[in-house]
Amino acid sequence: MAELVGVDVGGTFTDFVYLLDNRLKVLKLPSTPHDQSWAIVDGLLRLEASPRAEVVHGTTVATNALLERRGAKTALLTTKGFADILAIGRQNRPLLYDLAQTRVPELVPRSRRFEVDERLCSDGSVISALQGDKLRELALKLRADKVESLAVVFLFSFLNEDHERQVEAAMTKLMPELYVSLSVDILPEYREYERTATTVINAYVEPLAGRYLARLADTLNGRNVWVMQSSGGTIGINQAADQAARLVLSGPAGGVIGGFGLAARAMGTESPHILTFDMGGT
């Protein structure tokens, strides 16, 4: 007997679809913005969903934290000479020749972007070893500035993860309370700006999303929970907490995937020509 609960948390309402032995039960409840898990627990109780029912959850926690700029106080640690990569970005921008255009401030200001003397070659070999003694000084600065999360992005680390792993090990000892996001875990691919920006976003939203998902896991008493990614696929709740950048479009993605699947079934084609529309209450 198949049992599955789909939960989408929006700013105004939390929606449930309970699949039990090929039958659907639908429920809508007011969201609980102070802690989204409250509405989810309430809905599961009202649906009388059994402990065996798995939960697939779309969330806007990471989305709202990024849009409203209320994520964690974040710092960036990168290879010497690359601290400004967030500001430099790419050349593609809306008004290429407008000399007076304004920019959205970076998630990590220049004062919290740090460099360390280390360097890898384009084949992953070590040119300059990581200067580990500098990490203690960094930890003191982060603690004094009350930094909550650290993004670590080294040049060519996607070919050799040793230096980033060394930072993770050191900071875990020096600042156990610090969230650490490594580019080798978040986006181990070439293109420095994209890798840096994605890792910084993960560091920025991970504390908020991670705490929320931890509360949700506790309140659901070990129930199997899957979290919707921006891609429309799902990942386990622990991976979602560690790689929160994957959840930035978690909520909106569910509607698109669901609409596409429904249209494909109704139209009898794997490539339906459709337009989906998702309007939130807020």
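Is Glu161 buried, partly exposed or exposed? Glu161 counts as partly exposed, because its relative accessibility is 37%. The classes are defined by relative accessible area: buried is under 20%, exposed is over 50%, and partly exposed is in between, with a 1.4 Å probe and protein chains only.

Before going on, a word on the source. This is a predicted model, in which local features need pLDDT of at least 70 and side-chain atom pairs count only at pLDDT 80 or more, while totals for chains, interfaces and linings use all residues. Residues are numbered from 1 along each chain as its sequence is written, and side-chain values use heavy atoms, with hydrogens and water left out.

Now the overall picture. The chain has 282 residues, and 41% of them are buried. Nine helices and twelve strands are assigned; these are DSSP runs, H or I of at least four residues for helices and E of at least two for strands, numbered from the N terminus. Along the principal axes, the C-alpha atoms fill a box of roughly 60 × 45 × 35 Å.

Back to Glu161 and the salt bridges. The term means a side-chain nitrogen of Lys or Arg within 4 Å of a carboxyl oxygen of Asp or Glu. The whole structure has 18 of them. Glu161 pairs with Arg165, and the closest N and O atoms are 3.4 Å apart. Arg165 is partly exposed, because its relative accessible area is 27%.

Another pair is Glu68 and Arg70, whose side chains meet at 2.5 Å, N to O. Glu68 is partly exposed at 47% relative accessibility, and Arg70 is partly exposed at 41%.

Glu148 and Arg211 form a salt bridge with their closest N and O atoms 2.7 Å apart. This one links distant parts of the chain, 63 residues apart: Glu148 sits in the loop between helix 4 and strand 9, and Arg211 sits in helix 7. Glu148 is partly exposed at 27%, as is Arg211 at 36%.

There is also a network of salt bridges, which links Asp84, Arg103, Glu106, Arg110 and Arg113.

Rolling a probe the size of a water molecule over the atoms shows where empty space is left. Here a pocket is an open set of points on a 1 Å grid over the protein atoms alone, where a 1.4 Å probe fits, with protein on both sides within 12 Å along at least five of seven lines; lining residues have an atom within 4 Å of a point. Grid points are joined across faces, edges and corners, and the volume is the space filled by probe spheres set on the points.

How much space lies in the largest pocket? About 1,200 Å³. Its lining has 41 residues, and Val7, Asp8, Gly251, Gly254 and Gly255 lie nearest the centre. Elements that give two or more residues to this lining are strand 1 (3–9), strand 2 (13–20), strand 3 (23–30), strand 4 (54–58) and helix 9 (250–267). Helix 9 has the largest share, eight residues. By class, this lining has 18 nonpolar, 19 polar and four charged residues. For the classes, Ala, Val, Leu, Ile, Met, Phe, Trp, Tyr, Cys and Pro count as nonpolar, Asp, Glu, Lys and Arg as charged, and the others, Gly among them, as polar.

The second largest pocket holds about 690 Å³. It is lined by 24 residues, and those closest to its centre are Leu86, Arg103, Val104, Glu106 and Tyr193. Helix 3 (85–88) and helix 7 (192–219) each give two or more residues to this lining, with helix 7 giving the most, four residues. The lining has 14 nonpolar, four polar and six charged residues.

Last, the backbone. Most residues other than glycine have a negative phi. Which way does Asp21 go? Phi of Asp21 is positive, near 50°. Asp21 lies in the loop between strand 2 and strand 3, and is partly exposed at 39% relative accessibility. Lys146 also has a positive phi, of about 55°. Lys146 is in the loop between helix 4 (134–144) and strand 9 (149–153), and counts as exposed because its relative accessibility is 69%.
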